[in-house]
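Take a walk through this protein model.

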Amino acid sequence: MSPSPAPRRPSRTRRPAARSYASRVVVAAVLAAFTVFFVLPVLWLVLAATKTDHQLVHGNPLSFGSWHALRANWHALTAFQDDAILLWLRNSAVYAGISLVITLCVAVPAGYALAMTEFRGRRALLVATLIVMLMPNATLVVPLFLELNAVHLIGTMWSIILPYSFYPFGVYLTYIYFTTAVPRDLLAAARIDGCTEFGVFRHIALPLASPVVALVGFFSFVANWTNYFLPYVMLPESGQMPVQVGVGTLLSSVPSFNPTVGSLAVERPQLALATLVAITPVLVVFLFSQRFLVAGMLAGATKE
């Protein structure tokens, strides 16, 4: 009798293919979950601004309303307190713009000085910078209010600009960059050639640090533009409010959230449109500066 053939073993090449298929399914499920959680609310917000209040409540949540409803919502929004939304946008631009200039003029040289010089108390200053950087902004509002009240700055634009300009994260970020990414030999060669310390910083270090300067500027602008609690406490008048606090005022004027409002009632599609207007400057700044942001995030990641 001829021996019976040995049973075939299952191919091992199928297991890696099955694992690869399972991993792709898991990745697709995770991406779908993130899309539902993050993208759909933004899409709903954009579409809500194109609807009437009745369409927003009773219609399809992800349907487009009409251009006519969008124009009507814009006219109603700008008519609230005599173009208050435009005034709030201008205030936000002034507060965030001036404080951004001060932040860059202070944080970048401070980070360079901490990275390139040795002095007594340098380590303690770095530790203090790191501790303040990790503290939530809300914990500093009451001490700042007491300090600014002592010098009679409450209710002025400087009660917002000066705290906005205090940006320890920018100092620490530039310190890390100058420590890891800028070759000290290049700076030493410039000093040997007769360049002053300010000239070394101005002509050598600062051009090399343009990516991290853009990164600090972007983070500072976003933090200042989206800050709500500090201007809410410091500014008592509606004409001084930035747009974030103004959107809170609009929220309190929606009858669904505050039934006691009278003739100044704001409908929900107008509130959605105001929210889109408030976040548009941050989106525009990000789109125009993303190339510098990526370069700044990767700066210092490798060392030749």
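Start at Arg122, which is found in helix H5, residues 122–134. Keep in mind that this is a predicted model. Is Arg122 buried or exposed? Its relative accessibility is 15%, and the cut-off for buried is under 20%. Arg122 therefore counts as buried.

Now look at what surrounds Arg122. Leave aside its neighbours within four places in sequence. Arg122 is then in contact with Leu114, Ala115, Thr117 and Tyr175.

Next, find two other helices. H4 covers residues 84–116, and H10 covers residues 197–208. They pack at an angle of about 105 degrees, and their axes are 12 Å apart. Angles of 65 to 115 degrees count as roughly perpendicular. H4 and H10 are therefore roughly perpendicular to each other. Which residues make the contact? H4 supplies Val108, Pro109 and Tyr112. H10 supplies Glu197, Val200, Phe201, Ala205 and Leu206. By class, this contact has seven nonpolar residues, one charged residue and no polar ones.

Finally, turn to the cysteines. A disulfide is a covalent bond between the sulfur atoms of two cysteines. How many disulfides does the structure hold? The count is zero. Look at Cys105 and Cys195 in turn. Cys105 has 54% relative accessibility, so Cys105 counts as exposed. Cys195 has a relative accessible area of 27%, so Cys195 is partly exposed.

Key: Residues are numbered from 1 along each chain as its sequence is written. This is a predicted model: local features need pLDDT of at least 70, side-chain atom pairs count only at pLDDT 80 or more; totals for chains, interfaces and linings use all residues. Side-chain values use heavy atoms; hydrogens and water are left out. Axes are lines fitted to C-alpha atoms, for helices over the stretch in contact, and angles run from 0 to 180 degrees between N-to-C directions. Helices (H or I, at least four residues) and strands (E, at least two) are DSSP runs, numbered from the N terminus. Angles under 35 degrees count as roughly parallel, over 145 as roughly antiparallel, 65 to 115 as roughly perpendicular and the rest as oblique. Contact means heavy atoms within 4.5 Å. Ala, Val, Leu, Ile, Met, Phe, Trp, Tyr, Cys and Pro count as nonpolar, Asp, Glu, Lys and Arg as charged, and the others, Gly among them, as polar. Buried means under 20% relative accessible area, exposed over 50%, partly exposed in between (1.4 Å probe, protein chains only). A disulfide is a pair of cysteine sulfur atoms within 2.5 Å.
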